[in-house]
Amino acid sequence: MPVTTTDDDHRQPDHDQLLDLIRAAGRAPSAHNTQPWATRIRDGGVDLAVDPRRTLPAGDQTGRDTLLALGAWLECFTIVAATAGLRTMITILPAVEQVDQLELTGAPDFGRPVARVELVPGAAASPFSATDVAERAVFRGRLIPGPQLWDDLTDCDLPPWLQLRRLDSPAMHRLLRLGTGYLLSHPLVLSELIAWLRFTPADARTRRDGLDVRSLGLPTGVGRLLRSWLRHPARSRATLRLVTAIGTPLELFWRARTGDRPPDRAPVSNVAGVDHLVLIADPRLASESAGSDASTGSAGPAGSAQPAGSARPAGSAGSTSPAGIGAAALIEAGRALLRCWLHAHRHGQRVAPHSEIIDAPFAAAALHARLGLSRSQLPLAVFSSGHPDGTSPRSHRLTDTP
Ligand SMILES: Cc1cc2nc3c(=O)[nH]c(=O)nc-3n(C[C@H](O)[C@H](O)[C@H](O)COP(=O)(O)O)c2cc1C
C-alpha cells in the first residue's frame, strides 16, 4: 500500500492521507489475524479503540494478545507515518485498563478510545520503512538457520523492562508439544481457532481476516475437505469431541515426559540453528517506569515524538491487567515485539510465533523453569526466527479493500 507524502511539510495530514496511513498500518500482525483494532479519524489524528468482537475470549483470556496487537498497530502506524514525513504523538488513555471489561458482542466504543494519535510534521528516525511494514509476514513452514541476528538488538530498541532471551531447541520442541497438547485438549480454545480458519477462498471472510489454511501449510484440497466436513454442526461437534478425546491423554503423556529439567542459564550467544526467542517483561520495572511518567502528571506520550528507546508505558504506576502487567505496558511491549519481527524481516528472516507455549499453563511453567526466571518475570511472546524455506501466502486484512 503506497503511502503518500505531503508536498507541504508544515501541513497537517488531511483525511485521505490519514486513511492511507491507517490502511498501511493495517498490515500489523495479530493473533489469528483477528485485527482487534478499530480506528476513527479526528482532527489531525486518529483514535484507536478495541473491537471486542475481534478478541479471543477463550484463547486469550487475559487480553494479552489483543493489547500486543494494538501495540503492533501503533508501531506500524508510527513507521508508515515517519515514511510520509510525519511524527506521531501517542497518548495511551485510561480506558486501556478496562479492555478486559468490554462486552464481547459490542461494537468498538469510540467514546472511550484506548489511545489517541496526533500527527505533526517532521519524521522521527526509524530503522524501518513503510515497505518493511507492508512486506513483513510470519512464516509457518520450515525455517533454515541464518546468520546470527539477535546479539545486536539496537533496531528492536527494547525498553529497560523488556528482554529477549534465547531458548534452546530441545526445550522449544518439548514446550511446543505441551502447548499443542493444551490446545487439543481444550474444546473452547480449539473451536475458537477453527472459527478464525478460512478453509477455502470461497469463504467470503477469506479476503478480510483470519488464517488462510495455506498459510498453515495445508494443501487447498485439505481445506476444501475440512470445510465441507465441518459445515454440518453435528459433525463439527463430533470432530471436536474426538480431537479432545485424543488430545487430553496426549497432553498428559507429554506433561509426564517433560519432568523437571535444570534451568538453562547459558548466556545468549551464537548457536548454529534456528533461533527460538522469548520476549520477557519485568512488570515491577515496567510500573516503576510508568511511575516516573506518572510524575509528569499525565499519561505521557508514548509515541515516537521522543526517541523510541525512552518511550515509557503510560497509565497508573503499578496497575496490572489480568495478564499480570499493566495494559499500557503490554501495548508498549507490542510495539517492541513488532520492531523485533521487522528486525528479522530486514535481514531476510521470518518469524514463526508460538503463543501456545505461553497460553498453556504447564508449558508456561516449564518455560519459566527452563529459563530460570523469577516468579515475577513474565514471558509475553515466543517466536522462532530463521530463513524461510518457501513463501507463505499473503495474509488478508480488513483494510485490503477500500
Ligand atoms: C500477539 C500475537 C500472537 C500471535 N500468536 C501466534 C501463534 O501462536 N501462532 C501463529 O502461527 N501465529 C501467531 N501470530 C501471528 C498471526 O497469526 C499473524 O500475524 C496473522 O495471521 C497475520 O499474518 P502476517 O503476520 O503474516 O501478516 C501472532 C501474532 C501476534 C501479534
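Of the contacts in the protein (heavy atoms within 4.5 Å) with a separation of 6 or more, 80% are made by residues 24 or more positions apart. The model is a predicted one, in which local features need pLDDT of at least 70 and side-chain atom pairs count only at pLDDT 80 or more, while totals for chains, interfaces and linings use all residues. Residues are numbered from 1 along each chain as its sequence is written, and side-chain values use heavy atoms, with hydrogens and water left out.

The protein holds 11 helices and 11 strands, taken as DSSP runs numbered from the N terminus (helices H or I of at least four residues, strands E of at least two). Of its 402 residues, 51% are buried; here buried means under 20% relative accessible area, exposed means over 50%, and partly exposed lies in between (1.4 Å probe, protein chains only). The accessible surface comes to about 17,800 Å², and carbon and sulfur atoms contribute 56% of that area, as computed by the Shrake-Rupley method with a 1.4 Å probe, where for residues only the protein chains shown count as cover.

Helix α2 covers residues 64-83 and spans 29 Å from its first C-alpha to its last, close to the 28 Å expected for its 20 residues at 1.5 Å a residue; the expected span is 1.5 Å times one less than the number of residues. This helix is mostly covered, with 19 of its 20 residues buried. After α2 comes Gly-85, with a positive phi near 80 degrees.

Strands β1 (residues 37-42) and β2 (residues 45-50) run antiparallel and are joined by 6 bridges, pairing being assigned if DSSP finds at least two bridges between two strands. Thr-39 has Leu-48 in β2 as its bridge partner. The hairpin leaves 2 residues between the strands, and Gly-44 there adopts a positive phi near 70 degrees.

Positive phi values also occur in residues other than glycine. His-32 has phi near 55 degrees; it sits in the loop between α1 (15-25) and β1 and is partly exposed at 22% relative accessible area. For Asp-157, phi is near 45 degrees. Asp-157 belongs to the loop between β5 (143-144) and β6 (162-167), and its relative accessibility of 23% makes it partly exposed.

Finally, Val-222 lies in helix α6 (residues 220-230) and is partly exposed, with a relative accessible area of 34%.
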